Amino acid sequence: MSSTVISNIATLVTNDPSLGDSSPLGLVRDAAVVIEGDRVVWTGESSKAPATDNRVDAEGRAVLPGFVDSHSHLVFAGDRTEEFNARMSGRPYSAGGIRTTVAATRAAGDGRLEANLTRLLHEALRQGTTTFETKSGYGLTVEDEARALRLAARHTDEVTYLGAHVVAPEYAEDPAGYVDLVTGEMLDACAPHARWIDVFCERGAFDGDQARAILTAGKAKGLHPRIHANQLSYGPGVQLAVELDAASADHCTHLTDADVGALADGNTVATLLPGAEFSTRAEWPNARRLLDAGVTVALSTDCNPGSSFTSSVPFCVALAVRDMGMTPDEAVWSATAGGAAALRRDDIGRLTPGAYADLTLLDAPSHVHLAYRPGVPLVAGVWRRGVREV
């Protein structure tokens, strides 16, 4: 098994304070990292790096863990440019827009869906994303939900069953019947292809009782909960997430003090998705409030064709710093280690011995440039599982 050292790193983000400075980022200056096979085996000062088979000169650039995008919707067809244009002209976002993508996705063949998925994954990889979660939710039939998960599972282990995205159009007059389908035949068909189950707990989608029934049924099938919670209004989603030990409550825009307290006291990560607020001109989540309360926060893209059509974690980092009260260090941690926590993983999102060798090399001396130079393509190299892919 060959080994490689990346040396002459100006700033190395390890996300382990025991390996670097005392900050959560565990920063090491004038650093090196050693890769053997698909794992990190050593990090430290460049002058102390062990001998290896291969050497890469970082030339005074920064290295950080590959981004962990823990919330995306990448299996879809169609385009919603007209909806976005109308919304930017004054029409507010509503959950009903999802049905436009449902119609296009149902009509698309497997090849077309997978080609679009692959295109978006390559786009994200070029911007430093090495791990991603993605969901079904644009089929809303037994066959279409199952095929979305089968396609996604070819590309990631972090696959989420989201049959409960909205009520399928055929069940518009019978939402209870659709919940029965989602928790019955559809769940049976989808569970073998997924790790997670999700529900859009929101006005216009599923209420708290329906969400509880859906997530509880998923848990009985071995799927772990995550939940779209409190995006458009105050509601029961966050409290339900903590009650059911969901890995993450995603969006978290409208929170009561009780919601924040529940997150602080529980094991559920608050995943913030600033691309959605940017694309809908909605109120920004208050990351500062969550962080000050001791809540674990993740940052993700929510890449989807309706409300957040971006695959760029660096863009979301810049938004979080500019508009959500996060420091650059907090935003980078949340987009790496925070995303890993939202997936309940400790083998990604950090550059520590034993973790996967997922690294992003920036064309900048510090990770702070991700917020300092928004919109600039700073990613100069990406290693995934020890292999350089960018």
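Reader: In this predicted model, are F76 and Y138 buried or exposed?

Author: Both F76 and Y138 are buried. The cut-off applied here is a relative accessible area under 20%.

Reader: How many aromatic pairs does a search of the whole structure find?

Author: The search returns 5 aromatic pairs. One of them joins F76 and Y138: the ring centres lie 6.3 Å apart and the planes stand at 75°, so this pair is edge-to-face. The cut-off for that class is an angle over 60 degrees between the planes. F76 sits in the loop between β6 (67-69) and α1 (81-88), and Y138 in the loop between β8 (134-135) and α4, so the pair ties together parts that are 62 residues apart in sequence. F76 and Y138 also belong to one aromatic cluster with F309.

Reader: What is the geometry of the rings of F278 and F315?

Author: Their centres are 5.1 Å apart and their planes are at 90°, so this pair, too, is edge-to-face. It links distant parts of the chain, with F278 in helix α10 (residues 274-280) and F315 in helix α12, 37 residues apart. F278 is partly exposed at a relative accessible area of 43%, and F315 is partly exposed at 27%.

Reader: Let us turn to helices. What describes two packed helices?

Author: The description rests on the angle between their axes and the distance between the axes. For helix α12 (residues 313-323) and helix α13 (residues 328-342), the axes come within 9 Å and cross at roughly 140°. That angle makes α12 oblique to α13. The crossing of these two helices is right-handed.

Reader: Which residues of α12 and α13 meet?

Author: On the α12 side they are V313, V317, A320 and V321, and they meet P328, A331, V332 and A335 in α13. By class, this contact has 8 nonpolar residues, with no polar and no charged ones.

Reader: At what angle do α5 and α7 pack?

Author: The angle is about 15°, and the axes of α5 and α7 are 9 Å apart. The two helices are therefore roughly parallel to each other, the limit for that term being an angle under 35 degrees. Their crossing is right-handed. P175, V179, V182 and T183 in α5 meet Q210, A213, I214 and A217 in α7. The residues of this contact divide into 6 nonpolar, 2 polar and no charged.

Reader: Which residues in helix α5 are buried, and what covers them?

Author: In α5 (residues 175-183), the buried residues are G177, Y178, V179, L181 and V182. Their cover includes α4 (142-153), β9 (159-164), α6 (185-190) and α7 (208-220). V179 and V182, both buried, also take part in the contact with α7.

Reader: How do helix α3 and α4 pack?

Author: Helix α3 (residues 110-125) and α4 pack at an angle of about 45°, with their axes 10 Å apart. That makes α3 oblique to α4, and the crossing is right-handed. D110, L113, E114 and L117 of α3 form the contact with R147, L151 and A152 of α4.

Reader: How do the residues of the contact of α3 with α4 divide by class?

Author: They comprise 4 nonpolar, no polar and 3 charged residues. By comparison, the contact of α12 with α13 has no charged residues, and the contact of α5 with α7 has none either.

Methods
Residues are numbered from 1 along each chain as its sequence is written. This is a predicted model: local features need pLDDT of at least 70, side-chain atom pairs count only at pLDDT 80 or more; totals for chains, interfaces and linings use all residues. Side-chain values use heavy atoms; hydrogens and water are left out. Axes are lines fitted to C-alpha atoms, for helices over the stretch in contact, and angles run from 0 to 180 degrees between N-to-C directions. Helices (H or I, at least four residues) and strands (E, at least two) are DSSP runs, numbered from the N terminus. Angles under 35 degrees count as roughly parallel, over 145 as roughly antiparallel, 65 to 115 as roughly perpendicular and the rest as oblique. A crossing is left-handed if the near helix is turned anticlockwise from the far one by less than a right angle, and right-handed if clockwise. Contact means heavy atoms within 4.5 Å. Ala, Val, Leu, Ile, Met, Phe, Trp, Tyr, Cys and Pro count as nonpolar, Asp, Glu, Lys and Arg as charged, and the others, Gly among them, as polar. Buried means under 20% relative accessible area, exposed over 50%, partly exposed in between (1.4 Å probe, protein chains only). Rings of Phe, Tyr and Trp (its six-membered ring) pair if their centres lie within 6.5 Å; planes under 30 degrees apart count as stacked, over 60 as edge-to-face and the rest as tilted.
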